[in-house]
Amino acid sequence: MRWSTIFAVTVLGLGACIGAAVADKRARTQDEPKPVRQQAAIDQQRVLPLEPVRAPADLGERAMAHARALCEFGPRYAGVPGWSKQLDYIEATLAALGIDVRRDTWTDRKELLTFSNLTATLPGKRKERVVLACHHDTKCTTGHDDPAHNFHFVGANDGASGVALLLALAPVLKATEREATIELVFFDGEESLDWRWNEAARALFGSKRLAKRHRDALLLGKEPRIEALILLDMVGRKELHIQEELYSTELLRRITWSAAVATGHRQQFFRRAEAAADDHKPFLEVGIPAIDLIDLNGNPDWHTAADTLDKMSPQSLQAVADVVLTMLPAVEKAYVTERK
Ligand SMILES: [Zn+2]
């Protein structure tokens with residue numbers, strides 16, 4: 001073979017490789033997670049006419065009782081005793097209500113940590129799923145280089161409040177016939193293992209896993225779609241303020257605001273608008289509508305030893321329950337029964 005022939009073959013070969021790479025990249029980017037950008041705040045003058053749904057009068061107190069039980073387990077991040085006690089508590093509480101719960105346990109190969117997500121299913125008239133989610137892990141506050149980051153942390157609001165509210169909502173949801181199948185999902189590993197968030201490089205373990213597995217299952221036609229996800233994170237503070245979280249899907253933000261107006265809880269919602277990366281983001285990245293009901297901005301106790309039960313209020317939990325129960329029929333209508 002002469003040099004010119006070798007050169008031509010090499011160039012042709014390279015061209016083919018580049019071509020294949022481009023085609024491959026195109027194919028991959030079509031179903032790869034897409035970056036989610038923050039959006040503009042909604043126009044609060046435009047309110048959807050929603051029928052208010054009230055939670056039972058003692059729901060806030062019931063949620064507080066669950067939060068108390070969870071905090072008594074102490075820290076609840078992967079590997080500590082409180083973590084397994086909490087998983088057992090969630091399972092036992094739901095099982096006692098006759099609700100089917102599944103535990104998905106896996107070991108992250110890079111971190112060498114074992115995590116568990118829990119999913120409880122409340123079958124509706126249809127198989128399409130609407131997810132109500134929270135994270136059950138608490139921030140790890142030991143072993144950090146900066147001694148200021150090492151302290152006893154029970155995560156009453158950041159962790160327990162979302163779990164407690166889902167557990168208190170479970171019997172109410174079970175007693176109501178619904179259009180969609182409602183799933184209660186308790187994510188593990190939401191908190192960053194690094195003290196800082198670091199673009200969720202070492203965070204959102206449970207939600208990343210479920211979003212990816214769901215996307216793969218959909219490609220294989222293996223399970224009904226998650227049509228929408230409502231995430232509850234830090235929903236029990238006395239001075240509750242659920243910010244308008246700007247990665248969240250616009251229609252879900254409008255439904256949330258309209259539900260807050262309909263139930264008379266507008267003072268505790270959307271006075272500020274700001275993006276917050278959380279467990280809803282992996283779902284948004286794969287095209288699933290999602291909203292984060294989060295009280296992060298301006299919360300002085302966040303990730304401090306002061307995030308304790310005495311800062312919580314049953315009234316705040318009650319208000320979020322009213323808003324979620326009022327949202328649900330509108331979410332089912334928009335994303336399940338009248339999905340365009
Ligand atoms: Zn946190």
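The legends below describe close-up views of a predicted model.

**View 1**
The domain assignment divides the chain into domain 1, residues 1-32, and domain 2, residues 39-337. The C-alpha centres of domain 1 and domain 2 are 47 Å apart. P33 sits in the loop between α1 (3-31) and α2. P33 counts as partly exposed because it has 17 C-beta neighbours inside 10 Å. Although P33 and E285 are 252 residues apart in sequence, their C-alpha atoms are 4.8 Å apart in space. Leaving out residues up to four places away in sequence, P33 touches E285 and V286.

**View 1. Helix α3 and its buried side.**
Helix α3 covers residues 81-96, which makes 16 residues. From first C-alpha to last, α3 reaches 23 Å, close to the 22 Å expected at 1.5 Å a residue. Which residues of α3 are buried? They are W83, Q86, L87, Y89, I90, T93 and L94. These residues lie on the same side of α3 because they cover an arc of only 160° around the axis. The face turned away from that buried side carries the exposed residues P81, D88, A92, A95 and A96. After α3 comes G98, which has a positive phi, near 75°.

**View 2. Helix α4, with a kink at A168.**
Helix α4 has 19 residues. The span of α4 from its first C-alpha to its last is 26 Å, close to the 27 Å expected at 1.5 Å a residue. A kink of about 25° is found at A168, shortly before the proline P171. Because 16 of its 19 residues are buried, α4 is largely enclosed by the rest of the structure.

**View 3. K174 in helix α4.**
K174 belongs to helix α4. Is K174 buried or partly exposed? With 16 C-beta neighbours inside 10 Å, K174 counts as partly exposed. Apart from its neighbours within four places in sequence, K174 is in contact with L97, I99 and L122. K174 and V323 are 149 residues apart along the chain, and 17 Å separates their C-alpha atoms.

**View 4. Helix α8, with a kink at L328.**
Helix α8 runs over residues 314-337 and has 24 residues. Its first and last C-alpha atoms are 33 Å apart, close to the 34 Å expected at 1.5 Å a residue. A kink of about 30° lies at L328, shortly before the proline P329. α8 is mostly covered, with 19 of its 24 residues buried.

**View 5. The largest nonpolar core.**
The largest nonpolar core contains 93 residues. Which element gives this core its largest share? That element is α8, with 14 residues. The residues with the most contacts inside the core are L165, L166, L229, V320, A321 and V324. One of these, L165, touches A63, L232, V235, L317, V320 and A321, when residues up to four places away in sequence are not counted.

Most residues other than glycine have a negative phi. N198 is not a glycine, yet its phi is positive, near 50°. A200, also not a glycine, has a positive phi of about 60°. N198 is placed in the loop between β4 and α5 (205-219), and A200 lies in the loop between β4 and α5 too. N198 is exposed, with 11 other C-beta atoms within 10 Å. A200 is partly exposed, with 17 other C-beta atoms within 10 Å.

**View 6. F269 in strand β7.**
F269 is part of strand β7, residues 269-273. Why does F269 count as buried? F269 counts as buried because it has 24 C-beta neighbours inside 10 Å, and the cut-off for a buried residue is 20 or more. Not counting residues up to four places away in sequence, F269 touches I242, T256, W257 and A260. The C-alpha atoms of F269 and M64 are separated by 20 Å, and these residues are 205 residues apart along the chain.

Methods: Residues numbered from 1 in each chain as written. Predicted model: local features only at pLDDT ≥ 70, side-chain atom pairs only at ≥ 80, totals over all residues. Helix = DSSP H or I, 4+ residues; strand = E, 2+ residues; numbered from the N terminus. Expected span 1.5 Å × (residues − 1). Bend = angle between axes of the 7 residues up to and from the residue. Buried ≥ 20, exposed ≤ 12 C-beta atoms within 10 Å, placed from the backbone. Domains from an automatic or database assignment. Arc of directions from axis to C-beta. Core = buried A, V, L, I, M, F, W, Y, C linked by C-beta atoms within 7 Å. Contact = placed C-beta atoms within 7 Å.
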